[in-house]
Amino acid sequence: MENEPLASNTFSLDIAGKEQLQNIGKWSRFIGVVFIIFGSILLLATVLLLANFEALMTEIIKLNGIDEEMIDMLEKGGKYFIAFALVLSSVILFINGFLLFRFGSKSSHYLGSQSEYSLIDAFTYLKKYIYFSFVLACISAILSLISTIVFFGGTH
Amino acid sequence: MENMEIETNQLHDNMAKSAKWARYLAYITFASVGLSFLQLIFGIIANKGSIASTVFSFIISTVITTILAMNLLNFSKNIHLGLFNKDHLYFTQALTHLKNYFLVIGVIFLILLGLLALFFLVFTIVIIARF
């Protein structure tokens, strides 16, 4: 592999770098599409949950048996809370999917056109994706910490 | 020429910011692994659930998250080195680590999609067998 220095005012990748970028583009588009599919499934599940809540509850009670308190909680507004959580999850999946898909598309476009604007756009989407993932990871870590304290703190 | 320089500066800025957030994401991922380890220890002490399955799932998730975090950290390090030294080799290394990061996630998704397909297949067979 060549180890040549870059000119100070231009940016270009060597053959190995372009090959890696091509693979990154393929994988990120695939992951983006999967995120969007999972988001759509969640959205569909939310619509089905809200439309057939009574029938669904009857089936679940038949299969597992839920106590009165839980049924009461779900009928009072629990189903809207579950629907909100599902919609929120699908929105997160859609945003992640969109950012990854755009990153992959722009990377592939750069390889075809050699336009630096495409690479700028690609890295803008990558930056947004990583930032968004960081925020989600922080929220997840905080919730995990709280649950650890509440769950294990209450046992002693 | 000036226009090209502005474009390159913008690209370098985007790369530097991507690398910065990738480093922070790697750190928070390592912190999450530590937190999971604490939960595992507390779970064992409190004797909640099956220890063998908990330890097994912890090992699997730790291995995956560590690979992801290491790739992000190496991507960040090589991007910074590439921008500092203006060297192709570091950018190629950075892109290799980013590819590995997406590859791991992609393979996990492929496994998940396979399991989902299997679930739907079994579900369909059960439904057909009932009628």
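This is a predicted model: local features need pLDDT of at least 70, side-chain atom pairs count only at pLDDT 80 or more; totals for chains, interfaces and linings use all residues.

Me: What percentage of the contacts in chain A with a separation of 6 or more comes from residues 24 or more positions apart?
Reply: Chain A has 156 residues, of which 26% count as buried. Among its contacts with a separation of 6 or more, the share from residues 24 or more positions apart is 74%.

Me: Which helix gives the largest share of the side of chain B that touches chain A?
Reply: In this pairing, 39 residues of chain B are in contact with 44 residues of chain A. The elements that give two or more residues to this side of chain B are helix H1 (2–46) and helix H3 (88–130) of chain B. By class, the side has 22 nonpolar, 11 polar and 6 charged residues. The largest share, 23 residues, comes from H1(B).

Me: Is H1(A) roughly parallel or roughly antiparallel to H3(B)?
Reply: The axes of helix H1 (residues 15–51) of chain A and H3(B) come within 8 Å and cross at roughly 30°. Angles under 35 degrees count as roughly parallel. H1(A) and H3(B) are therefore roughly parallel.

Me: How many charged residues has the contact of H1(A) with H3(B)?
Reply: H1(A) passes H3(B) in a left-handed crossing. By class, their contact has 15 nonpolar and 8 polar residues. The number of charged residues in the contact of H1(A) with H3(B) is 1.

Me: Are H2(B) and H3(B) roughly parallel or roughly antiparallel to each other?
Reply: H2(B) and H3(B) pack with their axes 8 Å apart, at an angle of about 160°. An angle over 145 degrees counts as roughly antiparallel. H2(B) and H3(B) are therefore roughly antiparallel.

Me: How many nonpolar residues has the contact of H2(B) with H3(B)?
Reply: H2(B) passes H3(B) in a left-handed crossing. The residues that meet include B:Ile64, B:Leu68 and B:Phe75 in H2(B), and B:Tyr90, B:Leu98 and B:Val104 in H3(B). By class, the contact has no charged residues and 8 polar ones. Its nonpolar residues number 13.

Me: Is B:Ala69 buried or exposed?
Reply: B:Ala69 is placed in helix H2 of chain B. Not counting residues up to four places away in sequence, B:Ala69 touches B:Ala26, B:Thr29 and B:Phe30. A residue needs 20 or more other C-beta atoms within 10 Å to count as buried. B:Ala69 has 22 such neighbours inside 10 Å, and so B:Ala69 counts as buried.

Me: What distance separates the C-alpha atoms of B:His80 and B:Phe37?
Reply: B:His80 lies in helix H2 of chain B. With 17 other C-beta atoms within 10 Å, B:His80 is partly exposed. B:His80 and B:Phe37 are 43 residues apart in sequence. Their separation in space, C-alpha to C-alpha, is 31 Å.

Me: Where in chain A does A:Gln114 lie?
Reply: Most residues other than glycine have a negative phi. The phi of A:Gln114, however, is a positive value, near 65°. A:Gln114 is exposed, with 12 other C-beta atoms within 10 Å. Its place is the loop between helix H3 (68–113) and helix H4 (116–153) of chain A.

Me: What is the phi of B:Lys86 near?
Reply: B:Lys86 is found in the loop between helix H2 (51–85) and H3 of chain B. B:Lys86 is partly exposed, with 16 other C-beta atoms within 10 Å. Its phi is positive although the residue is other than glycine, and the value is near 50°.

Definitions and conventions: Residues are numbered from 1 along each chain as its sequence is written. Chains are lettered from A and ligands numbered from 1 in the order in which they are written. Two residues are in contact if their C-beta atoms, placed from the backbone, lie within 7 Å. Helices (H or I, at least four residues) and strands (E, at least two) are DSSP runs, numbered from the N terminus. Ala, Val, Leu, Ile, Met, Phe, Trp, Tyr, Cys and Pro count as nonpolar, Asp, Glu, Lys and Arg as charged, and the others, Gly among them, as polar. Axes are lines fitted to C-alpha atoms, for helices over the stretch in contact, and angles run from 0 to 180 degrees between N-to-C directions. Angles under 35 degrees count as roughly parallel, over 145 as roughly antiparallel, 65 to 115 as roughly perpendicular and the rest as oblique. A crossing is left-handed if the near helix is turned anticlockwise from the far one by less than a right angle, and right-handed if clockwise.
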